[in-house]
Amino acid sequence: MPWVHLFTTLDCNLGCGYCSQRDTRSALKKQPNTGMSYKAALEVFEHNEPLHFYLSGGETFQYPHIQPLVDGILHRGHMVSFVTNLTMPLDQLRRYLDAWPVDRIGFFNISCHVSQVNLDEMLPKYQFLKGAGARFFIKFIAAPDYLAQIADHMGRLRSMEIGVTVTPLLGRYKGKIYPG
């Protein structure tokens, strides 16, 4: 199935010091808003063969029209996957999965930012996704100050049979450029 990568928003609700998207978001936010609406984007793909939409951002779920966008994607017979930090409340995540058939969701690529979120607060969401049969994995960004904490979190998640991966830090952090 062909893929379409859509950036839903430049906004993010976290402020990670090692964010590799921060400079891009700052530069783009200075440009005039010439992007198309989600309705126009859906119309472009109205008569295509089934596609796999990969939604990212900033924080994908910060996009104010995420529900109708995903509803429209799924209504047209496409699939959808998400890049998210999953910091939304658990009840909101439940509402989304009640509205969206889990077999039409490719996966959740969940960035776990140990500098900004508490793993114990995130675990109920991960367990909910697992229990709902959603495909997902947890991605950690290998920021030097957090490697020990990441190793601990990875061990805890693996013991719960939750998939984890580590992505090398990319960009500026504390006066250095990574990878270096």
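**Exercise 1. Describe how H4 and H5 pack in this predicted model, giving the angle and the distance between their axes.**

Begin with the geometry: H4 and H5 pack at an angle of about 15 degrees, and their axes are 10 Å apart. Axes here are lines fitted to C-alpha atoms, for helices over the stretch in contact, and angles run from 0 to 180 degrees between N-to-C directions. Helices are DSSP runs of H or I with at least four residues, strands are runs of E with at least two, and both are numbered from the N terminus.

Next, classify the angle: H4 and H5 are therefore roughly parallel to each other, a term for angles under 35 degrees, whereas those over 145 count as roughly antiparallel, 65 to 115 as roughly perpendicular and the rest as oblique. Their crossing is right-handed, meaning that the near helix is turned clockwise from the far one by less than a right angle.

Finally, list the residues in contact (heavy atoms within 4.5 Å): Leu90, Leu93, Arg94 and Leu97 of H4 meet Pro124, Lys125, Phe128 and Leu129 of H5. By class, this contact of H4 with H5 has six nonpolar, no polar and two charged residues, where Ala, Val, Leu, Ile, Met, Phe, Trp, Tyr, Cys and Pro count as nonpolar, Asp, Glu, Lys and Arg as charged, and the others, Gly among them, as polar.

**Exercise 2. Carry out the analysis for helix H5 (residues 119-131) and helix H6 (residues 147-159).**

The axes of H5 and H6 come within 12 Å and cross at roughly 30 degrees, which makes H5 roughly parallel to H6. H5 passes H6 in a right-handed crossing. On the H5 side, Leu119, Asp120, Leu123 and Tyr126 meet His153, Arg156 and Leu157 of H6, and the residues of this contact divide into four nonpolar, one polar and two charged.

**Exercise 3. Work out the strand order of the sheet and name its edge strands.**

The six strands form an open sheet in the order S1-S2-S3-S4-S5-S6, with parallel pairing; two strands pair if DSSP finds at least two bridges between them. The edge strands, each pairing on one side only, are strand S1 (3-9) and strand S6 (164-168). Within the sheet, strand S4 (residues 105-112) and strand S5 (residues 136-142) pair over five bridges, and Cys112 stands opposite Phe140 in S5.

**Exercise 4. Judge where the model is given lowest and highest confidence.**

The chain averages a pLDDT (the predictor's confidence in each residue, from 0 to 100) of 85, and 84% of the residues score at least 70. Confidence is lowest in helix H1 (residues 22-29), at a mean of 51, and highest in helix H4 (residues 90-99), at 97. Where pLDDT is low, the predicted coordinates should not be read in detail.

Local features need pLDDT of at least 70 and side-chain atom pairs count only at pLDDT 80 or more, while totals for chains, interfaces and linings use all residues. Residues are numbered from 1 along each chain as its sequence is written, and side-chain values use heavy atoms, with hydrogens and water left out.
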